[in-house]
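Here's a quick tour to read with the picture open beside you. Take it one topic at a time.

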2 protein chains.
Amino acid sequence: MSLRRFSPETGIRLWGRRAAAVEEALGRGVADVASTDPAEVVPGADLVLFCVPVGAMPALAERVAPLLDPGALVTDVGSVKAPVVAALEPVFGGRFVGSHPMAGSEKSGIGAARADLFRDAVSIITPGRGALPDAVAAVRAFWELLGSRVRELSPEEHDRTVALVSHLPHLLAAALVDFVCSENRDALNFCGAGFRDTTRVASGPAGMWAEILTENREAMRDAVRSFAARVSEIERLLDSPGEIEEFLARAAAERDAMGVSRPNFS
Amino acid sequence: MSLRRFSPETGIRLWGRRAAAVEEALGRGVADVASTDPAEVVPGADLVLFCVPVGAMPALAERVAPLLDPGALVTDVGSVKAPVVAALEPVFGGRFVGSHPMAGSEKSGIGAARADLFRDAVSIITPGRGALPDAVAAVRAFWELLGSRVRELSPEEHDRTVALVSHLPHLLAAALVDFVCSENRDALNFCGAGFRDTTRVASGPAGMWAEILTENREAMRDAVRSFAARVSEIERLLDSPGEIEEFLARAAAERDAMGVSRPNFS
């Protein structure tokens, strides 16, 4: 939908695992050609974009590789990058450049699709050591075409960064809902807007998030342990109104600075 | 503002610590009489509502008590109840019934006031053992008049409940912002809507929240420690996609059930 809007001249071919999904995509006009067979969509493509779960990518890559035109580029939208780059770079060589558009919501499925999803979002690209400069430039240009601001990180830097700003917050939101339910289910009857906003992301699709958290488990472990240690330090401040106020004031200033400096993030 | 809208016939007298705040309230027409001297507003009142920080209540109660009419009732809007009831019940006896309207936002000050703030919100009343039944009924009727749904809890039950659904989420939101900043300030440039919603409450007034968290430190300690233990258990699930998916699916179902059953909460 986004490519249709921002680059109507680009031909779009779509592969889907299920025939019903392929039919629905064709019915909505988001692809010129759609099929459950990679051989009907991959040959002739300039850019192949993997939009499947991270765990499904290696097997699909093996099917796609023999069908690719010699100059074709490959990218993906997986939320974890080190395992994806490690699996796909040996298959596609320097023509593969990983991507992670930081956009989406707790909803999933084609019904939740939006043509402006990537506009003003940050898209991270994560070239491996062997990535060809032309491939990096082309993948960058693709996300910029859809309105993203592009940042480049190594796959490992990417995984540590999203563990902090995306995966840890998701795990904490789910843990908070589950913890309150198990401690005192009636407490949910006393929730205000704060609890609802703080836990919104916990409604996200469990299967997708289970894969993200386990694929990124090394960075997640570091993040969870360091965060738990920080919370223990803060707990010790509960006897000291002055110190806890200092901590809260610093956090409020940091939160406000973030909002002000990034008004267009989606 | 809320009382003006839902009960225009009720006379309103306001005490303020600062002359400038008293003048502003009079200028906005939210009170018939306003003064920095309790002696000018307390005598003749049917209901006295303490809207000051929890730590300021005992001293103010001593000034108010000799001015009260014999039948007058007293309540408050403090976010922590056991310390308030322990301090004010000895002063006012069975005519005091603590309250906590679960409404508000990260904003503060008269500019953020809304006449419909309490509408469809839950207001908790926390009668102590000596509270007079007529006083409990009148304080309940007061919050219902403003559109709240009223629930009754003991002061201790209240403090444990709000530790779970309000104070712990606040501490975690502030800790998350502060943790990400200290680990990798650049990571904030990669935030999506999830991080922003999860940490919104961290922008709240630090002084007020420092007092809330320290006044409720016993319930907070229990909540923080139990939550940290739960997070450690979840961390161990990171090796097991099936178990982590089960946990995430349960949290998503609980979160969705909360949203559906409580559509009008503010």
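What follows goes from the whole pair of chains down to single residues.

This is a predicted model, where local features need pLDDT of at least 70, side-chain atom pairs count only at pLDDT 80 or more, and totals for chains, interfaces and linings use all residues. Residues are numbered from 1 along each chain as its sequence is written, chains are lettered from A and ligands numbered from 1 in the order in which they are written, and side-chain values use heavy atoms, leaving out hydrogens and water.

**One chain**

- Chain A has ten helices and seven strands; helices (H or I, at least four residues) and strands (E, at least two) are DSSP runs, numbered from the N terminus.
- The C-alpha trace of chain A spans about 65 × 40 × 35 Å along its principal axes.
- Of the 266 residues of chain A, 50% count as buried; buried means under 20% relative accessible area, exposed over 50%, and partly exposed in between (1.4 Å probe, protein chains only).
- Take the contacts (heavy atoms within 4.5 Å) in chain A with a separation of 6 or more: residues 24 or more positions apart account for 66% of them.

**How the two chains are related**

- The same surface serves both copies, as 100% of the contact residues of chain A recur in chain B.

**Where the chains meet**

- Chain A puts 80 residues into the contact, and chain B puts in 80 residues too.
- The size of an interface is often given as the accessible area lost when the parts come together.
- Here about 7800 Å² is buried between chain A and chain B, and carbon and sulfur atoms give 66% of that; buried area is the accessible area (1.4 Å probe) that two parts lose on being put together, summed over both.
- In chain A, Phe190(A), Leu238(A) and Arg255(A) lose the most area to chain B, together 10% of what that side buries.
- Between the chains there are 22 residue pairs in polar contact, both at pLDDT 80 or more; a polar contact is a pair of N or O atoms within 3.5 Å, where within protein one must be able to donate a hydrogen and the other to accept it, and residues adjacent in sequence count only if both atoms are side-chain atoms.
- Several elements of chain A each supply at least two residues of the side that touches chain B, among them β6 (122-126), α6 (155-183) and α10 (241-261).
- The largest share of that side, 17 residues, comes from α6(A).

**Salt bridges**

- The whole structure has 32 salt bridges over all chains, and the count between chain A and chain B is 18; a salt bridge is a side-chain nitrogen of Lys or Arg within 4 Å of a carboxyl oxygen of Asp or Glu.
- Asp178(A) pairs with Arg230(B) in a salt bridge, the closest N and O atoms being 3.0 Å apart.
- This pair crosses between chains, from helix α6 of chain A to helix α9 (residues 217-236) of chain B.
- Are Asp178(A) and Arg230(B) buried or exposed? Both are buried.
- Asp239(B) and Arg221(A) also meet through their side chains in a salt bridge (3.3 Å, N to O).
- Within chain A, Asp32(A) forms a salt bridge with Arg4(A), with 3.0 Å between the closest N and O atoms.
- Asp32(A) sits in the loop between α2 (19-27) and β2 (33-35) and Arg4(A) in helix α1 (residues 2-6), so the pair ties together parts 28 residues apart in sequence.

**Two spots in chain B**

- Thr126(B) lies in strand β6 and is buried, with a relative accessible area of 0%.
- Beyond its neighbours within four places in sequence, Thr126(B) contacts residues including Lys81(B), Gly98(B) and His158(B).
- Ile110(B) is in the loop between β5 (98-101) and β6 (122-126) and is partly exposed, at 29% relative accessible area.
- Not counting residues up to four places away in sequence, Ile110(B) touches Glu24(B), Ala25(B) and Arg28(B).
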